[in-house]
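Notebook open, structure on screen.

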Amino acid sequence: VGVFCFFCVHYLCAQAPSYAMKFSFFSSAAALSALIATVSVVKGDDVLQIHGSGTTNPTKCIWLIMQDFMERTKLPTKFTYRGVGSSTGQFEFMGTNHTGDFAYVPWNYFGSGDIPFSQENYELLNSNGDEFYQMPFVMGAISVFHNIPGVPGGAGGLKLTPCALAKIFRAQIQYWDDPEIVSLNDHIASTLKEKKLPIKVARRVLGSSSTATFTQYLHESTQLDCPDTWPKVTSSGEKLVGKVIDWADTTLPCQGSGGVTDCIRDNEGAIGYIDAGHGNDEGLAEIELRNLAGIYQSSREAAEAGVAAAAGDTLPSRADGDFSGVQLLNQPGEATWPMVAMSYFYVRKDLSYIPNVAERSLLLEFLGAFYDPVVIDECRQFGFVPVGATVNAIAKEALSELKDSLPADAPTWTYEVDTIKGGGQEDYVISSKRRTYAEYERTSLLQDQMALMARVAEMEATMKVNALVSDDQVVYTQSEADRITAALALSSLSIVLWGVAILYLLAKKLCGI
């Protein structure tokens with residue numbers, strides 16, 4: 001880099017004689033020396049690096065907290081996370097295709113997924129001596145979104161039964177004015193701008209936890225009313241449940257959560273499944289789904305309580321246990337959301353494959369931040385709910401065991417919340433006082449966004465109440481009522497003033513005032 005810059009300076013000097021007078025050979029050499037000195041200070045070995053990969057659903061949450069760490073550490077740090085899907089995250093965490101001395105050595109420092117390891121892979125790693133923890137950190141709704149012109153999301157928009165949804169995704173229902181859809185949504189036929197608007201099914205490619213959750217939901221939810229609509233395996237051998245399934249040829253293959261968003265937005269008549277926070281954040285129209293209690297609602301209407309209620313009691317008591325039996329679908333409760341994914345961090349018990357002990361301890365501090373209520377609250381803006389107290393305690397126990405296993409020379413990271421004179425400037429201090437203007441602006445925007453999200457939720461709840469009121473009644477929100485009251489007051493004042501003016505004119509004309 002330094003040599004390249006050196007020749008660039010001389011090239012510019014040759015092109016511009018006036019600049020050549022200011023940049024002699026010796027001054028250029030001095031600049032080159034200074035640049036080389038600067039580069040040598042920030043060597044690759046001196047930058048503490050943390051790398052992970054996995055599920056795309058909570059990527060914004062992970063990236064945000066990574067950014068916080070990079071901005072608040074004194075030492076240069078580099079955090080990266082590749083949103084590549086849960087299957088790839090588990091593959092790279094297992095080091096499946098590593099051989100010889102590197103057999104089953106992870107590609108990354110940690111992995112992440114919205115599905116736990118299968119019992120087979122859990123036992124494989126443990127039998128190989130590669131014990132690991134699975135630590136849930138957030139829960140999020142998986143939902144279904146559409147692009148039907150003129151049909152809004154949420155209350156008053158579109159609602160579908162599990163059977164109708166399954167038939168749509170198997171291409172058995174192909175048009176939006178199909179009688180089974182219209183029977184649930186009598187306004188659809190009159191809203192459509194064209195008859196026989198084709199349904200375009202958007203779905204994930206490669207291995208996806210969203211696909212695993214959605215297809216399992218379709219299978220379980222249809223067993224009572226239409227069991228043949230979505231079996232685990234069809235009579236012809238097609239697999240319909242799992243991270244990768246056999247989709248109809250007419251479906252739209254889309255890469256990642258962002259790809260599904262684009263597929264829905266770019267194709268009129270499209271429908272697709274995606275994590276609810278991402279879909280709502282992108283402004284897609286959400287479909288109301290029926291939960292186990294028979295209640296139709298969107299994930300916004302279910303809100304955090306509806307997502308948290310899906311946790312149930314199927315979790316192991318320790319983070320190194322087998323989570324393959326964890327069930328978060330179709331849990332009881334009127335407000336419970338029927339399709340919830342729990343995001344996990346995967347981390348090895350033996351971190352010796354990470355040569356830098358400072359990076360090992362920094363990794364544990366980073367993972368620990370997701371169990372700090374102040375930090376994890378930042379992820380609520382993306383539609384995620386922090387895990388409950390019991391799961392939080394399980395994860396903290398695992399992190400405590402990992403910290404106890406660190407070598408004696410591993411640095412201890414501390415935090416500066418209130419100003420620590422002198423001590424806050426030590427190398428291994430993560431300081432809330434150390435900020436950037438960009439981070440300050442993000443915080444301000446976040447507060448505004450949270451206020452707007454609360455207002456949207458209030459308006460959607462009001463719309464649902466209004467939908468239950470008969471057509472000859474008019475219902476106003478409190479804000480609307482206040483505006484109407486103010487308008488009536490101003491109208492009354494205007495009438496009074498006009499009356500005074502008329503009386504004055506009459507008195508002037510009749511009485512000569």
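I started with the largest cavity: helix α12 (residues 276-281) gives the largest share of its lining, three residues. Helices here are DSSP runs of H or I with at least four residues, strands are runs of E with at least two, and both are numbered from the N terminus. I noted that this is a predicted model, where local features need pLDDT of at least 70, side-chain atom pairs count only at pLDDT 80 or more, and totals for chains, interfaces and linings use all residues. Residues are numbered from 1 along each chain as its sequence is written, and side-chain values use heavy atoms, with hydrogens and water left out.

I looked up the rest of that lining, and it includes N57, D275 and F384. A cavity is a set of points on a 1 Å grid over the protein atoms alone where a 1.4 Å probe fits but cannot get out, and lining residues have an atom within 4 Å of a point. The largest cavity holds about 50 Å³, as the space filled by probe spheres set on the points, which are joined across faces, edges and corners.

Next I checked the second largest cavity, at about 40 Å³. N57, D275 and F384 are among its lining residues too.

Last, S431: I found it in strand β15 (residues 429-431). S431 counts as buried because its relative accessibility is 2%, and buried means under 20% relative accessible area (1.4 Å probe, protein chains only). A polar atom of the S431 side chain lies 3.0 Å from the backbone nitrogen of K433.

Technical notes: Buried means under 20% relative accessible area, exposed over 50%, partly exposed in between (1.4 Å probe, protein chains only). A polar contact is a pair of N or O atoms within 3.5 Å; within protein, one must be able to donate a hydrogen and the other to accept it, and residues adjacent in sequence count only if both atoms are side-chain atoms. On a 1 Å grid over the protein atoms alone, a cavity is a set of points where a 1.4 Å probe fits but cannot get out, and a pocket is an open set with protein on both sides within 12 Å along at least five of seven lines; lining residues have an atom within 4 Å of a point.
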